[in-house]
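Colleague: I would like to go through this model with you, one point at a time. Please give the cut-offs as we go.

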Amino acid sequence: MTDHRTRIRRTMVERDAELAIVDEALDQLTGPGPDAGGALLAFSGPAGLGKTTLLAELRRRAHARSCTVLAARGGEQEQSQPFHVARQLIQPQLAGTSEQELRAALGSWYAIVGPALGLCAPEQGAPPDPQGLRDGLDWVLTHLVVKRAPVVLVLDDAHWADPESLGWLAAFAPRAEHLPLLLVVAYRPDELPAHAEAFRTLPGRAGQAPLPLAPLTPAAVAALVREALGEHADDAFCQEAWAVTTGNPFEAVELTAKVRGRGLRPVEENAPQLADLAAAQRGSGLVARLERLGPSTVRFAWACAVLGTAIPQDIAARVAALGAEEAVAATTRLRDARILSAAGPASDHEPETGLEFVHPLIATAIYRAIPDALRVALHGKAAAAVVDAGLGASAAARHLLETHPENDPWVVRTLREAAAENLRAGAPEAARRQLARALREPPDFDERAAVLYELGCASLLTEPANTVNHLRAALAEPFDDPALRQGIVIRLAQVLAHSDRLAEASASLAREIARTPDVRARLRLQSEQFMWDAFNAAETDSPARSRRLTRLADRLTGRDLTERYVIALRAWDACLWGEPVDVVLHHAGRVLEQPFSWAHEDRGFEVPVLAAMVHMYADRPGRAEELFEAGTAEFERQGWRGAHLSFAYSLRAYIRYRRGRLVEAEELARSGLRLAERVGRRTPVHWYAIAILLTTLLARGRVDEAWELAQEHEFGAPFPAAVVFPDSQTVHAELLLARGEVRAAVAELEAVDRRLTPRGIQNPAWCPWQLHLARAVAADDPQRARALAADAVRRARAFGAPSAIGQALRVAAEVAAPQDRTALLREAVTLLSASPAGYELARALAALGYGLRDADLLTAAVVTARECGADGLVEEATETLTGMGGALPSRTPRADWVTEEEIRAADLAVRSAEQPEPASPDWVLSAACRKLGTDRSGLRAALEAFARSST
């Protein structure tokens, strides 16, 4: 008898070309020269063509070169078990490591990837998003590769890998060439799932496409026959062996074993018997051969087929209802019959495994031969057996998915437990499948609403429409749990809002508010409704809602998180309406007296973002960045690296833009856009990323690039129903205006007026649509332009942020009568020089310098524009300056490094705060304001924050 270990090391025939490619890839991996490095290899072919044998030989050769080998195999029965393949790859490398050592090795990724890899139990709290988990797995694998290089990663039967692992590896694969890693996969091309299509076209140093394995030629089959049966095997016998196996290596090897077992002489007169022997290896012939081994052996084989791969003998015995001695005897008979391979290590270098079938073809044939009702029953027994063996609910869940509903509370409980584990581990799709099955069991009447709610939570990211249906069905159930009902309503509103159905989100909350008697519960629902109304660009009752919010928030003390959310929304509303800056900052300060988490388990991140953003509009961008840095760190600790991190990067880019740090703004905006692309186009996060990047590119003078980007990403009507900042339609109009498409820009800006003015959103610091419209109509209707600009100046003064007033004054000067321009620009420069808005200051300096033909002002404009990275403005101001005979500044000071002189100027300004502001700019103090990220009134807090960050 030839066991698994012997069989995989036999001489391979007609695989010299493939082995040469393997050797070339291993040489590149382990070589000392400059060409050394990783590669990708993929082998494809139908079942039985020798993929597993080839990979086993590859592993042997990798071990011979002292490579670390990570090996895994997909299983037909394990496809629904998330991270099954990832665990096979990584768990053995970390075996025997203590929790303390694991935490030290994985760092901040421990709580994110640990549950997925089975290294630790999921922690309480919001789970990582799928992208964050993938990033964590990328880090773990990269870390292992670098630490244990050179590394060979081998995935056999990739077509049966679980979707979570396969999707991750397909995305990771292109990195192999940049690491000391040879990544090798083998799969059946007709069964490779859509989410692993990348494996079909893997580029690699050792080959530009997957390598298809061909059936063996008659000569190769003859060589196999003679190797196994002796050189005396005649040509006719060998030819018939090739014909009945169609050159399939697995079938050819098995056929020779049957011939040898029967004692059949390999001569022409016995050739007709080969067809029957070959048929006994597959389908009904295999089943008949199995049945001849006896009932107990059949039951044991069935149990093994249900359990899949790496089969624990004791669990298989329990599923088959056999005693330990009977199980050992059955295992021996199945090994002698070449149905099961040897239990034990596949090589001297690799860990011990459980029982395996000689080939997946055999496992599939036996599994499909089990009578339907019995197969279902065996899966039920397997579920109970793995739970009793301490393998957990997740291991049992894949079996329960194959059972029929029987109104069993244990099944519902186990599936819910597994779903909770998988959801917290970052596998929401697996959780969704398990909860959908639990719902069919069905659960008890008083449990059904909870299962529907959990199902809605699991499908939130992947199936928002179905999530709405599940949550609405949950609300229709008769149950008496106010906390559960509130959770369902809040989650329903969340998914509606994220699906751009903000009016429905508000309406669902309003209905529940009306029927909620508990005051605190009602306040929580009101806070959610106020939030989604704030984001609804088409809200019809905005002034009335704002009045209600004001009355409510002004009497709250901020004693709990819900009250602080309401107060934060009041601060945001005051900002949009253009209430005085002091009012806005007062309410924001009330919110931030205590830590304000951005990653609370049952709250969105929207309100903390709004609480941070009001500081930017109020000329405290330094404080806004401080809050965003803390929030971004929370997102990363939670493993939220999809939409959440994209929002964080994009909005931090917007803050940098408002500070005039345009190079950094562009870098952050592009990072935000890359993450947004993974979430999906025309999603809210995508609108934010594109709008902010376009705004930044326009400020840098790259109009054509901005237009191409807008066209590529279909940035235009219809605009989203959700509020986006900067306002998407206004940004689009600004782009049109920059391209000279004035009429189209006017139409867009007038539409913005019709949308925002009825809502009471009239703060030009938030949306400067009036200023853009004034510029657009100035040539044809100067009176209208001046009226628009004057109204914007009035509103900006009412708000009180120097940057907003300065910007409005600059545009008012642009459209004013010539004799009025200088005074407006002088005031704009004075105000902006004491603000954090570097880009706006550069524009005002340039405009005043052009008007007065003042070389000193233009020099200051060039220096400031260079600090900002406003390349277009630098070029324009430089041309005017040199045309006047002025000298260009030799260097530009660093825009982010606060000098001791600037600190002293800021400290002096704080100590003399009661004195009136100077009529002319203090350029040292101006630089301090820009670098500290504040206007003059915020210098005290900014200096304190700077001192904390410097210690």
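Colleague: Is Ile311 buried or exposed, and at what relative accessibility?

Modeller: This is a predicted model, in which local features need pLDDT of at least 70 and side-chain atom pairs count only at pLDDT 80 or more, while totals for chains, interfaces and linings use all residues. Residues are numbered from 1 along each chain as its sequence is written, and side-chain values use heavy atoms, with hydrogens and water left out. Buried means under 20% relative accessible area, exposed over 50%, and partly exposed in between, with a 1.4 Å probe and protein chains only. Ile311 therefore counts as buried, at a relative accessibility of 1%.

Colleague: Where is Ile311 found, and which residues is Ile311 in contact with, leaving aside neighbours within four places in sequence?

Modeller: Ile311 sits in the loop between helix 14 (295-307) and helix 15 (313-320). Helices are DSSP runs of H or I with at least four residues, strands are runs of E with at least two, and both are numbered from the N terminus. Contact means heavy atoms within 4.5 Å. Neighbours within four places aside, the contacts of Ile311 are Cys304, Ala316, Gly354, Leu355 and Phe357.

Colleague: Which residues have the most contacts inside the largest nonpolar core?

Modeller: A nonpolar core is a set of buried Ala, Val, Leu, Ile, Met, Phe, Trp, Tyr and Cys residues joined through side-chain atoms within 4.5 Å. The largest one has 221 residues. Those with the most contacts inside this core are Phe300, Met613 and Phe725.

Colleague: How many residues are in the second core?

Modeller: The second core is separate, and Leu102, Leu106, Ala116 and Leu133 are among its members. Its size is 48 residues.

Colleague: In what order do the strands of the sheet lie, and which are the edge strands?

Modeller: Two strands pair if DSSP finds at least two bridges between them. Five strands form an open sheet in the order 2-3-4-1-5, with parallel pairing. An edge strand pairs on one side only, and the edge strands are strand 2 (68-73) and strand 5 (211-212).

Colleague: How many bridges join strand 1 to strand 5, and which residue stands opposite Ser44?

Modeller: Strand 1 covers residues 39-44 and runs parallel to strand 5, with two bridges joining them. The residue opposite Ser44, in strand 5, is Pro212.

Colleague: Why does Gln81 count as buried?

Modeller: Gln81 lies in the loop between strand 2 and helix 4 (84-94). Apart from neighbours within four places in sequence, Gln81 is in contact with Asp162, Ala395 and Arg398. Gln81 counts as buried because its relative accessibility is 17%.

Colleague: What is the relative accessible area of Leu361?

Modeller: Leu361 belongs to helix 17 (residues 360-369). Neighbours within four places aside, Leu361 is in contact with Ala47, Gly48, Arg188 and Phe250. Leu361 is partly exposed, and its relative accessible area is 30%.

Colleague: What share of the chain counts as buried?

Modeller: The chain has 47 helices and five strands. Its C-alpha atoms fill a box of roughly 115 × 70 × 55 Å along the principal axes. Of its 951 residues, the share that counts as buried is 59%.
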